[in-house]
Amino acid sequence: MSSTGDAGAAEEGTTRGESPLLGVSGLGKAYGDTVALRDVDLSVADGEFVSVVGPSGCGKSTLLRVLSGLEETFDGRATVAGADVREEGSDRVGMVFQEPRLLPWATVRENVSVGLPAEVDPDTEGARERVDGLLDQVDLGDFADARPGELSGGMAQRVSLARGLAYEPAVLLLDEPFSALDALTKREQQDHLLDVWDDRDATVVLVTHDVAEAAYLSDRVVVLGGQPGTVERVVDIGAERPRDRTDEALLDARETITDALGV
Ligand SMILES: Nc1ncnc2c1ncn2[C@@H]1O[C@H](COP(=O)(O)OP(=O)(O)OP(=O)(O)O)[C@@H](O)[C@H]1O
Ligand SMILES: [Mg+2]
């Protein structure tokens, strides 16, 4: 007799997966007089790759901050695996911030080690190998002993990405992780992220300004817009995986996303 209500039935944000891992409903967030988000509904299935695009200031980073459990006050509901993010958030969720946020006094290797799970002793041989492996994947093997002050913006961003991956979280929230990278490195890092997503059956929410990147990587692309930001459109990316960047379906999806952005 009991009803489970209409959870997951929000029209715009409903996933095709069976088990929503992340969900927000009726989400509103204000910073003082500034309303950043209004009435956002979104659910992300376990194992799904979702990107969020939208103009500067529409609340993309705010949405990730709420999902990661960093925001204590907001309207509506935000859940990870059914539990309120304010209780459950940080355990399962890894976040790569828009700014690298590295410890300036620590080496690159130490900065990545900070991301290791709490139960891993960073001084063990195994932990060191893991960190060095991550540094190799982001092409920073030669900079393990450097300090953040010696790095370019793109290199710092790659350290931050490696730190986010060190934790091996079930849910990865990434805020413009590739924005400071050159075109070739960006492609390499996008493909690396797809490998990580695939290997670990991770669930990913990626914020990006790059429409081609969003289409290439994602199962669905959420277009936020307005101020306060709200969901304007959700675009399903039908292209089969593994994908070819020149696939017609991806080019079509890019057009649709660009139209929704009103560019
Ligand atoms: N800590 C804060 N205090 C006050 N206002 C904030 C704070 N963080 C964000 N805002 C405001 O909330 C709105 C959304 O900000 P947010 O950083 O989420 O945007 P965004 O979509 O990530 O933008 P960008 O693409 O430039 O990174 C903006 O109007 C911003 O000024
Ligand atoms: Mg932002």
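Visitor: Is R200 buried or exposed, or in between?
Guide: In between: R200 has 29% relative accessibility, so it counts as partly exposed. The cut-offs are under 20% relative accessible area for buried and over 50% for exposed, with partly exposed in between (1.4 Å probe, protein chains only). Bear in mind that this is a predicted model, where local features need pLDDT of at least 70, side-chain atom pairs count only at pLDDT 80 or more, and totals for chains, interfaces and linings use all residues. Residues are numbered from 1 along each chain as written, chains are lettered from A and ligands numbered from 1 in the order written, and side-chain values use heavy atoms, leaving out hydrogens and water.

Visitor: Which side chain does R200 meet in a salt bridge?
Guide: That of E168, at 3.8 Å, N to O. A salt bridge here is a side-chain nitrogen of Lys or Arg within 4 Å of a carboxyl oxygen of Asp or Glu. R200 lies in helix α6 (residues 183-200) and E168 in the loop between α5 (153-166) and β7 (171-175), so the pair ties together parts that are 32 residues apart in sequence. Helices (H or I, at least four residues) and strands (E, at least two) are DSSP runs, numbered from the N terminus.

Visitor: And E168, how open is that?
Guide: Partly exposed, with a relative accessible area of 43%.

Visitor: How many salt bridges in the whole structure?
Guide: The search finds 12. Among them, R109 pairs with D132, with the closest N and O atoms 3.0 Å apart. R109 sits in helix α3 and D132 in helix α4 (residues 125-137), so this pair links parts 23 residues apart in sequence. R109 is buried at 14% relative accessibility, while D132 is partly exposed at 23%.

Visitor: What about D84, what does it meet?
Guide: R86, in a salt bridge of 3.2 Å, N to O. D84 is buried at 16% relative accessible area, and R86 is partly exposed at 38%.
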